Amino acid sequence: MTHFNWWIDGSIIGLYLVATMVAGIMVRKYVGKVEHFLVAGREVDVYLGIASLAATEFGVVTCMYTAENGYRYGFAGATPGILMALAMCFVGVTGFCIDPLRQAGVMTIPELFEKRFGPRVRWAAGVVIVLGGLLNMGVFLRITGEFLVLVGGFDLSQMERNLLLMMTVLLLLGTIYTVVGGMLSVLVTDFLQFIVMSAGLLAVTALILMKIGWAPLAATVARQQGEGGFNPFLCQGMGWQYVLFNAIECMAGAITWQTTISRLLASKDARTGRRIYTRTSFFFACRFVLPGIWGIAALAVLTPGAFAGLPANFQEQNTSLYAMPLFLSQFVPVGLMGLLLAAMLAADMSTTSSYMITWASVIYNDVLAPLRKTPWSERRGLFWNRVIVSLIGGFLLFYGLWYPLKGDVYAYLLVTGTIYMASISTMLVACCYWKRANNWGATAAIVAGAVIPIACLVFEQLHAMTSQQVQLWRCYSGIGAFVATAVAMVVFSLLKPHADPPARADSEQVDGN
């Protein structure tokens with residue numbers, strides 16, 4: 001029985017939604033150029049950058065998969081968050097890759113690649129970034145809808161209908177102010193969303209620790225997972241493969257994940273970008289630790305009968321994903337429930353809007369721009385950016401309803417992210433630090449990095465596999481993708497000088513090194 005009250009909790013949520021929509025729409029008058037729409041005129045300071053990045057990288061889907069990690073793996077489930085915090089701190093302190101990227105004055109990573117590898121590589125990089133990014137984001141809307149339906153106490157017998165309604169409302173809310181104000185709207189609303197989100201996270205975590213207690217949570221993990229609940233190398237379903245894949249992926253994500261990079265490129269200068277990285281690093285650990293505690297609390301409190309009310313197809317998919325929202329629906333009291341749902345809506349709207357503007361910027365700047373014979377006017381450019389954001393919204397709705405998710409959510413996000421992070425991170429490092437890198441190596445890296453993760457996703461849909469087999473399969477394919485892209489970049493870059501006659505090489509300088 002949910003504790004959600006439409007009069008009390010619904011009023012809190014309604015007030016928050018009105019404030020967010022008004023704030024997002026009011027900045028429309030400041031958007032007069034494509035640069036304003038995509039990178040907010042490059043005027044983001046440290047504190048706004050921290051709030052915006054933290055709000056963007058904690059959506060409802062983040063809360064769901066990190067809580068699922070806690071439910072399935074105990075405290076060891078926070079391993080990816082710790083690795084990401086270390087990666088962000090390292091990149092922020094050293095400026096590894098992000099300094100030359102910000103100093104180049106580009107709006108996207110593929111734009112930098114054009115200067116080194118030529119326009120064809122830029123276009124191909126843009127395509128693979130959009131492919132991986134949209135497949136990654138494709139499950140966000142559905143998972144968010146499932147969370148709100150379960151916590152809000154909607155009729156589970158009409159789960160699919162209620163889910164479609166919730167997904168549509170969420171999509172419209174995020175799309176409207178993103179289309180109107182672009183990155184400026186995202187940044188303004190992110191600041192408000194960061195405050196609400198942080199309050200909700202801390203309040204619910206404090207309530208769990210007061211009512212259940214730390215010792216019972218630790219005892220539950222020890223009883224259910226044993227030593228593996230505290231050590232990822234000993235945890236069933238994790239192991240060295242999981243840790244290694246996450247370590248590589250976290251470093252690649254720190255220097256290439258588009259929503260993170262968009263804050264760097266919107267910052268005032270490279271020094272500001274580095275400070276945003278270092279000061280946000282701690283939050284990347286918190287976004288796994290706090291919801292992970294919620295998942296462990298669900299493991300401690302819920303009985304097997306708690307899942308009986310779920311529709312059959314949901315029970316077949318993955319009950320561990322739904323443990324946390326079912327627990328919260330019965331645990332969080334009226335009033336705090338409103339704050340919790342407002343916080344989750346804040347997190348989701350920030351994530352959805354930021355991701356849509358991020359992928360739209362790549363489609364406009366790197367996929368469509370090279371195909372245009374003449375530059376578009378600012379007015380026409382703004383129009384097409386808004387059309388692209390709207391089309392992305394439509395894709396999210398249909399993909400979320402159609403794609404049957406297997407295994408745990410986080411593993412799926414890692415694999416789809418690898419589609420572009422494996423190649424783009426390799427290319428970025430080579431572009432910044434290896435003088436012999438050229439367009440042959442870049443092209444080979446793009447192909448190798450995309451083929452392996454896509455083949456992994458297709459294979460797991462065609463073959464019956466247990467969740468543990470899916471997990472291992474994704475880890476091995478992810479590691480393989482990063483190794484293959486690095487080898488492809490080196491081998492083909494070294495081959496080109498021997499394969500190209502000098503005259504031909506000179507004639508192709510205009511198309512890449």
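These legends walk through a few close-up views of a predicted model.

**View A. Cys475 and its closest cysteine partner.** Start with the sulfur of Cys475, and look for the closest cysteine sulfur, which belongs to Cys456. The two are 9.5 Å apart, too far for a bond, because a disulfide needs the sulfur atoms within 2.5 Å. You will find zero disulfides anywhere in the structure. Is Cys475 buried or exposed? With a relative accessibility of 3%, Cys475 counts as buried.

**View B. A nonpolar patch on the surface.** Here six side chains come into view: Phe233, Leu234, Trp240, Leu244, Leu472 and Tyr476 make up a nonpolar surface patch. Two helices, H12 (239-256) and H21 (467-499), each contribute at least two residues to the patch.

**View C. Leu234 in its loop.** Leu234 sits in the loop that lies between helix H11 (214-225) and H12. Its relative accessibility is 49%, so Leu234 counts as partly exposed.

**View D. The largest nonpolar core.** Now turn to the inside, where the largest nonpolar core holds 143 residues. Phe113, Phe147, Ile208, Trp294 and Met427 have the most contacts inside this core. Helix H17 (residues 336-368) gives the most to the core, supplying 17 residues.

**View E. The surroundings of Phe147.** Which residues touch Phe147, once neighbours within four places in sequence are left aside? Phe147 is in contact with Val60 and Met64, with Met324, Pro325 and Leu328, and with Leu341 and Met344.

Definitions and conventions: Residues numbered from 1 in each chain as written. Predicted model: local features only at pLDDT ≥ 70, side-chain atom pairs only at ≥ 80, totals over all residues. Heavy atoms only, no water. Buried < 20%, exposed > 50% of the residue type's maximum accessible area, 1.4 Å probe, protein only. Patch = residues over 30% accessible without salt bridge, like charges linked within 9 Å, V, L, I, M, F, W, Y side chains within 5 Å. Areas by Shrake-Rupley, 256 points an atom, 1.4 Å probe, with all protein chains shown as cover. Salt bridge = Lys/Arg side-chain N within 4 Å of Asp/Glu carboxyl O. Helix = DSSP H or I, 4+ residues; strand = E, 2+ residues; numbered from the N terminus. Core = buried A, V, L, I, M, F, W, Y, C linked by side-chain atoms within 4.5 Å. Contact = heavy atoms within 4.5 Å.
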